[in-house]
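Trainee: Please take a close look at one part of this model, the charged side-chain pairs. I would like a connected account of where they sit.

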Amino acid sequence: MKSFFSFYEKKYVWFTLIPLLLLVFSAAGLLYQYSTHDGEIINKGISLSGGLSVTVETNKEIDVSQVETELSSQLSSSQVRVRTLQDQGRIQGYVFQSNLNESLRDAFVEEIKTSLALTNEPITTEVTQSSLGAAFFSQVIQGIFFALLLMALVVYAAFRKWVPALAIVLAVIIDLLVTLTIFDLTGQYLSAAGVAAFLMIIGYAVDTNILLSSRMLKAGDSDINERLFSAAKTGMFMTVTTITTMSVALFFTNSEVISQIMFILLIGLCVDFITTWFLNAGILRRYILRQQPQVVKKKHKRSKK
Amino acid sequence: MNKKMILNWNSLLLIFLLILSVYVISPNFGNEGVSIRGVEANSPAQLAGITSPDEETRQVNYERIIQVNGNEVLSLDDYYNEIRQSSSTVVLTTNEREYILQNVTNSTGLQLSSAHTTNIQTGLDLQGGTRLIIQPDEDISAELYEDLRDNLEKRLNPNGILDVRVTNIKESIFAPKPSFVSIEVAGISSDEIERLVLRQGKFEAKIQNETVYDGSGVASVNTASQQAGIQSCERDGSTGFTCRFSFPISLTPDAGRAFGEATGKLSIVGGSLSAPIDLYLDGNLMDSLSISADLRGRSETGISISGSGSGASEVVARQDALENMKDLQIILSTGSLPSKISVVKSENISATLGESFLQNALFVGFLATLVVSLLVFIRYKTPKYAIPMILVSLSEVVLLMGLAVVINWNIDLASIAGIIIILGSGFDHLIILTDETRSKKNSKQRESWKRKFRKALFIIMTAYFTTVAAMLPLGWAGAGILRGFAFTTIAGITIAVLITRPTYAKILEYLQD
């Protein structure tokens, strides 16, 4: 541990570059997404972009990609995506999604029934107008800005210092952007519930970052490495427990809604791990060393002993 | 174990609230079968004597069907399978008595859900049913939104006996008036609902293209079976049958007078007047009735409305005509909606899918708690912290469920995701509390317990306010489709910072003495 700290002490500025590199990667990723997906930085699912979703409960095994092409060609000018619903490895059913207009709901259901040779299986349908999804989306974006602003104010009110407050905001913004980029790369489609997960990332990221700032800035007269170490011990354990909860939920859930929320949170927590302990910790360290040089002196005195 | 750990205000308050929550949730896991939530008017079930639960009955005490035709039913799946295989006479055995339903064709007219084992109300995505979010095409005032909501509720639930929820939804907490109306009906298909909801119901009676009276002139609609019903059925070409229905309506005296004035201007041709009275619904000509000569100039308040239905066989055509008649009667008696409306989101969720989600979610929540508890145990190498942590986290969930029952909140899938997240962040904060207050061996001066607790509280409260700030906009965004998630998260963490986490801190104080 000691050798790590002496290495970290010398090179901590380099560590802060890792999250910043992630930010560059994210900018590039989002730009790529923007240029290849008609100016959309997010693959919006039907609950955000409008369209039809049909869930069929059956334990029949089907060739998903074949059904996908079959349905897409029958319902011309539309893309049909099919996913399998599973509960602990058992097939529970299939979700069919398409950007078709709502008036084609019944036709869509009929096509699916014919192509799967269904009889009386329970069917769930969901139709969303694009206007609702668009309104929802723009309101949530406003909400995220509002939350970030409020977060900066709360943190400023708590510490009365701008640098730690802005460091947390920067960390959270990187969390959100990098998570979004990684999510895009997986090729999944974001649902309204997934948007909620992005908002929850803010909540979780604040937990660990505030813990870190509070331990670093309000730790009385203890040595700066000790402060960081104690924060890391608690904070990293918190992240481990949360990641475990999310993984269990992600692995065992049979619901699309829960699975997407957990998937996004999981990415977000991993990214936040990097931004908290590399970026925020680095910024705080540099800030403290500039503002309170006695923290270093104290340390030297102690090491002389 | 220190006595003080329990005999302090925080712990006693928590225990009291827990008992209260369990009491309102009133779990009864022995409940089997399917619960009856509502009965459609004039359906085979109602004619057999089955009634809807009254408002005071809590859902755990709803009447439950336990056998169909002598075969046990444990789930909705079982129930529908039995009904599908049954003849037109169905024997239903409930936990109270036996009913014999006659002439069951495609539906018994029951609104059902899996047997309720608690009073926690689940959202449509967990129990099945239809949800529509609609928006008026015109910009209407707040009062007209109220009218719209009342009118829709009356259309969907004319006898007030079904489980139907119609609510106005604002776009943000600050919005002066609603922007959407949400309609939730358990166990009825969306086609049926859309048929009733999507028609504005703007009724007009015109003579020579002049409006004589409109929907406000309709005083009452006669639904009694002596006067209302099928008039005739006949073969329609070679493919099917058409049946005609008719029913009388009474007009207000004003509308009757207007009719008299308008007919006074007409001349008599043969046995009737020179122009018919044309009835329009939403701008479409519904019927054109010739007026008999003796009504000329007379104030007449009775008129007959007719229409038709068709189908491949006479039975189907008859049923279609009766359904159309029922819809028309409801629309005419509830009057016109203040604006044309469009559906912006419609969901029709099968009940069995919801059932499987719920069981799975319980399993996932249990497993997640177990695994995290194990981690906590390993980290602190003593059950001293792990056990109170588990108890406190679980009581957060119980209190939240109790609150949901008291304020009639529906727990939907997104709420369950919220609960799992609260469990996760709850453990985070309990870990902060534990670590902040554990005495550090190396630190020279041991901080006072209060000071350490305040530091932990500071972190928790800052995180709390930020999370609430992040969740608030979700409560309204996009017609509130994620309101369940936002509400559950905010309510859960509020309960946590106000009640459960202070209790854990108190327990810690005694643990570390």
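Mentor: In chain B, the side chains of Arg131(B) and Glu184(B) form a salt bridge with an N to O distance of 3.4 Å; the term means a side-chain nitrogen of Lys or Arg within 4 Å of a carboxyl oxygen of Asp or Glu. Arg131(B) belongs to strand E8 (residues 129-136) of chain B and Glu184(B) to strand E10 (residues 180-185) of chain B, so the bridge ties together parts 53 residues apart in sequence. Helices (H or I, at least four residues) and strands (E, at least two) are DSSP runs, numbered from the N terminus. Arg131(B) counts as buried because its relative accessibility is 18%, and Glu184(B) is buried at a relative accessible area of 17%. Buried means under 20% relative accessible area, exposed over 50%, and partly exposed in between, with a 1.4 Å probe and protein chains only.

This is a predicted model, in which local features need pLDDT of at least 70, side-chain atom pairs count only at pLDDT 80 or more, and totals for chains, interfaces and linings use all residues; side-chain values use heavy atoms, with hydrogens and water left out, residues are numbered from 1 along each chain as its sequence is written, and chains are lettered from A and ligands numbered from 1 in the order in which they are written. The pLDDT is the predictor's confidence in each residue, from 0 to 100. For chain B its mean is 85, with 96% of the residues at 70 or more. The predictor gives the complex an ipTM of 0.83 and a pTM of 0.82.

A second bridge, between Asp435(B) and Arg379(B), has an N to O distance of 2.9 Å. This pair also links distant parts of the chain, with Asp435(B) in helix H11 (residues 413-437) of chain B and Arg379(B) in helix H9 (residues 351-380) of chain B, 56 residues apart. Asp435(B) and Arg379(B) are both buried.

Arg257(B) and Asp254(B) make a local pair, with their side chains meeting in a salt bridge of 2.5 Å, N to O. Both lie in helix H7 (residues 253-264) of chain B, three residues apart, about one turn of the helix. Arg257(B) is partly exposed at 46% relative accessibility, while Asp254(B) is exposed at 53%.

Salt bridges also connect the two chains: Arg105(A), Asp106(A) and Glu194(B) are linked in a network. Over all chains the structure holds 17 salt bridges.

Another link between the chains is a polar contact of 2.8 Å between the side chains of Thr128(A) and Lys345(B). A polar contact is a pair of N or O atoms within 3.5 Å; within protein, one must be able to donate a hydrogen and the other to accept it, and residues adjacent in sequence count only if both atoms are side-chain atoms. Thr128(A) lies in strand E4 (residues 123-128) of chain A and counts as buried, because its relative accessibility is 4%. Leaving out residues up to four places away in sequence, Thr128(A) touches Ile46(A), Ser47(A), Gly50(A), Gly51(A), Val344(B) and Lys345(B), where contact means heavy atoms within 4.5 Å.

As for the chain that holds Thr128(A), chain A has 10 helices and four strands. Of its 305 residues, 52% are buried.
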